[in-house]
Amino acid sequence: NLAVISNVPIIPVFITTKDSGKLDAQAFPIQENYIHFLPPVYPEKVLSRKDNIRQMKEKNYSAWKGVYERFYNKELVYDKN
């Protein structure tokens, strides 16, 4: 909402994690974190505030979903339980 009101983009950021293949001093797997900065999502001047919020949210989610699926090589599916 603030991005639309201010007419500025949002920057999708997504963090992924995987095992490094190394163990720490207590023999726990060491995790590697990757921060993905994705292309900005801009509000569109021709859309209403409500429609801009919706489209920016959808584009942001789509960018996150794409990173998840490429990084983990599997489809993102939410468990409704």
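This is a predicted model: local features need pLDDT of at least 70, side-chain atom pairs count only at pLDDT 80 or more; totals for chains, interfaces and linings use all residues.
Residues are numbered from 1 along each chain as its sequence is written, and side-chain values use heavy atoms, with hydrogens and water left out.

**View A. Asn 52 and its surroundings.** Asn 52 sits in helix H2, residues 49-72 (helices are DSSP runs of H or I, at least four residues, numbered from the N terminus). Its side chain reaches the backbone nitrogen of Glu 44 at 2.7 Å and the backbone oxygen of Leu 47 at 3.5 Å. Skip the neighbours within four places in sequence, and Asn 52 is in contact with Val 4, Pro 43, Glu 44 and Leu 47 (contact means heavy atoms within 4.5 Å).

**View B. Asn 60, also in helix H2.** With a relative accessible area of 12%, Asn 60 is buried. Not counting residues up to four places away in sequence, Asn 60 touches Ile 10, Pro 12 and Val 41.

**View C. The largest nonpolar core.** Phe 14, Leu 38, Val 67, Tyr 68 and Leu 76 make up this 5-residue set (a nonpolar core is a set of buried Ala, Val, Leu, Ile, Met, Phe, Trp, Tyr and Cys residues joined through side-chain atoms within 4.5 Å). Beyond its neighbours within four places in sequence, Phe 14 is in contact with Tyr 34, Ile 35, His 36, Trp 64, Val 67 and Tyr 68.

Conventions: Helices (H or I, at least four residues) and strands (E, at least two) are DSSP runs, numbered from the N terminus. A polar contact is a pair of N or O atoms within 3.5 Å; within protein, one must be able to donate a hydrogen and the other to accept it, and residues adjacent in sequence count only if both atoms are side-chain atoms. Buried means under 20% relative accessible area, exposed over 50%, partly exposed in between (1.4 Å probe, protein chains only).
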